[in-house]
Amino acid sequence: MEPIERMIRSFLDHLTVERGLSPNTVGGYRRDLQRYADYLSAEHITEPAGITPAAITGYAVSLAEGVPESGKSGGGPENAGGRPHWRHPPLAPSSAARALAAVRGLHRFAAEEGITADNPAARIKPPKPPRRLPKALPLDAVQALLAAPGTETPTALRDTALLELLYGTGGRISEIVGLDVDELSGLLTEPDEVGGLRVIGKGSKERFVPLGRYAKKAVTDYLVRGRPQLAARGRGNPALLLNARGGRLSRQGAWLILQQTADRAKINTEISPHTLRHSFATHLLDGGADVRVVQELLGHASVTTTQIYTLITVDHLREVYLTSHPRAN
């Protein structure tokens, strides 16, 4: 293993063992740092001691401009359709800032552990990504989406349960597909009571999320009429949401279900599992929920993160006023 690869491996081990980051988060660091290692290799930098602030600045430029197959940033050889062949395509400002933050963390760790004599990234400031408001679906679009899978087959019941859970709890996709059957609370034994889920979020923090009537019914119907048939195809997987072979439904599988269901519901806007999380928060605030309650439901460490949703509701209020008040215009 090359010295730079060893440095990166040590850092990833530190994130996993000492900082206790989730596999998904460590996987993101791994992808970002692999891109960094590829860049350094292309620049013929093979030793940690050879990494300079100028090299890191060059890497930051490559994040924004992309690296074509020729190996040089800025433009690239084009295919027959006029599009360049990228070794690494350009990143959005927010993704570039995240990738550079991973590099800064790597070099800070290397300096603190004595792997390198100094920290060449100490003076490198990540670009400040533009503030982008999360997108929320209108309520009628959410209702159309949730009704689209139907309840005729085991997979349809599962898909309805998946979407109701995403919108009804505001959970992250990794939290929802990571649920096991024995983590459900008050679903079958107390049918008239509000149930709930205990989910493990970022930083392995556990939180309780109430489960509303619609989501509760969807999950109950799936547990009774859908999951047993899917489970019979597998080997006793404890997961709540199962794929067609009886194994745990993956994040990629859930994303594909959402895309296919959005097509059936004729939703033409860009949609992802996080869209339902954003819609959950926005609709709660539109309905008068306190921002700190929404913070707790979303599992945000700081209320500042949650307050971005209040900007959406202010825009919504302004729109309603302008279209409804007789003397608004």
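I started my notes on this predicted model with a pair of helices: helix 3 and helix 4 cross in a right-handed way.

Next I looked up who does the touching. Helix 3 (residues 53–65) brings Ile-56, Tyr-59, Ala-60 and Leu-63, while helix 4 (residues 93–112) brings Ala-96, Ala-99, Leu-100, Val-103 and His-107. Sorted by class, this contact counts 8 nonpolar residues, 1 polar and no charged ones.

Then I wanted the geometry. The two helices pack at about 155 degrees, and their axes sit 9 Å apart. Angles over 145 degrees count as roughly antiparallel, so helix 3 is roughly antiparallel to helix 4.

A reminder to myself: in soluble globular proteins, nonpolar side chains tend to be buried together. The largest nonpolar core here has 48 residues, and Leu-145, Leu-162, Tyr-222, Leu-240 and Leu-276 touch the most other members. Helix 6 (residues 154–169) gives the largest share of this core, 7 residues. I also noted a second, separate core of 28 residues, with Tyr-36, Ala-55, Tyr-59 and Leu-100 among them.

Leaving out residues up to four places away in sequence, Leu-162 touches Ile-173, Ile-176, Leu-241, Leu-249, Ala-254 and Ile-257.

Most residues other than glycine have a negative phi. His-44 isn't a glycine, yet its phi is positive, about 60 degrees. I found His-44 in the loop between helix 2 (23–42) and helix 3, and at 70% relative accessibility His-44 counts as exposed.

Lys-266 also has a positive phi, near 60 degrees. Lys-266 lies in the loop between helix 9 (251–264) and helix 10 (273–286), and its 67% relative accessibility makes Lys-266 exposed.

Terms used: Residues numbered from 1 in each chain as written. Predicted model: local features only at pLDDT ≥ 70, side-chain atom pairs only at ≥ 80, totals over all residues. Heavy atoms only, no water. Core = buried A, V, L, I, M, F, W, Y, C linked by side-chain atoms within 4.5 Å. Buried < 20%, exposed > 50% of the residue type's maximum accessible area, 1.4 Å probe, protein only. Helix = DSSP H or I, 4+ residues; strand = E, 2+ residues; numbered from the N terminus. Contact = heavy atoms within 4.5 Å. Axes fitted to C-alpha atoms, helices over the stretch in contact; angles between N-to-C directions. Parallel < 35°, antiparallel > 145°, perpendicular 65-115°, else oblique. Left-handed = near helix turned anticlockwise from the far one by under 90°. Nonpolar A, V, L, I, M, F, W, Y, C, P; charged D, E, K, R; others polar.
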